[in-house]
Amino acid sequence: MRVLDFEHCPTPDSLVAEHVALPESRPSDRAFVRLNMISSADGGSAVTGLSGGLGNREDHAVFNALRANADVVLVGLGTVEAEHYRPPADPHLQIYVIADRPETSGDAALFESGRATLV
């Protein structure tokens with residue numbers, strides 16, 4: 001019989017930190033890109049049109065930890081519009097919005113902030 005030793009189990013915070021830690025060696029000749037996404041068991045990427053409803057507390061912790069260490073966030077225009085993206089709290093973080101059309105109907109403050117670029 002196996003006995004679990006909960007006293008020596010990693011904490012949720014330490015698991016998140018370990019999961020999002022940057023590797024010791026990264027390419028110096030190109031960008032280092034990370035992808036974070038969640039989907040439902042049937043492959044869906046939204047619940048009632050929003051991606052935020054799919055994740056739990058731990059998923060959101062990973063999402064926030066990855067964002068905290070990012071220089072740039074790539075996000076689709078549909079997500080920007082549906083999730084009502086606003087300028088990021090981190091003054092150094094830039095958002096590149098991937099779009100298939102030049103006009104936007106998202107929150108004007110995001111694009112007026114100079115912190116979002118339509119790609």
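In this predicted model, E81 sits in helix 3, which covers residues 77–82. E81 has a relative accessible area of 18%, so it counts as buried, the cut-off being under 20%. Its side chain has a partner: the side chain of E81 makes a polar contact with the side chain of R101 at 2.7 Å.

Helix 3 also takes part in the largest pocket, where helix 2 (57–68), strand 1 (72–76) and helix 3 each supply at least two lining residues. The space in this largest pocket comes to about 1,400 Å³. Its lining counts 38 residues, and those closest to the centre are N36, F63, R67, V73 and L74. Helix 2 gives the most to this lining, with six residues. Sorted by class, the lining looks like this:

| Class of lining residue | Number of residues |
|---|---|
| Nonpolar | 20 residues |
| Polar | twelve residues |

Three strands make up an open sheet, in the order 1-2-3 and with parallel pairing. Strand 1 and strand 3 (116–118) are its edge strands, each pairing on one side only. On average, neighbouring strands of this sheet are turned by 25° against each other, direction ignored.

Strand 1 links the two topics, as it supplies residues to the pocket lining and pairs with strand 2 (residues 94–98) in the parallel sense over five bridges. What stands opposite L74 in strand 2? Y96 does, and L74 is also among the residues closest to the centre of the largest pocket.

Conventions
Residues are numbered from 1 along each chain as its sequence is written. This is a predicted model: local features need pLDDT of at least 70, side-chain atom pairs count only at pLDDT 80 or more; totals for chains, interfaces and linings use all residues. Side-chain values use heavy atoms; hydrogens and water are left out. Helices (H or I, at least four residues) and strands (E, at least two) are DSSP runs, numbered from the N terminus. Buried means under 20% relative accessible area, exposed over 50%, partly exposed in between (1.4 Å probe, protein chains only). A polar contact is a pair of N or O atoms within 3.5 Å; within protein, one must be able to donate a hydrogen and the other to accept it, and residues adjacent in sequence count only if both atoms are side-chain atoms. On a 1 Å grid over the protein atoms alone, a cavity is a set of points where a 1.4 Å probe fits but cannot get out, and a pocket is an open set with protein on both sides within 12 Å along at least five of seven lines; lining residues have an atom within 4 Å of a point. Grid points are joined across faces, edges and corners, and a volume is the space filled by probe spheres set on the points. Ala, Val, Leu, Ile, Met, Phe, Trp, Tyr, Cys and Pro count as nonpolar, Asp, Glu, Lys and Arg as charged, and the others, Gly among them, as polar. Two strands pair if DSSP finds at least two bridges between them. Axes are lines fitted to C-alpha atoms, for helices over the stretch in contact, and angles run from 0 to 180 degrees between N-to-C directions.
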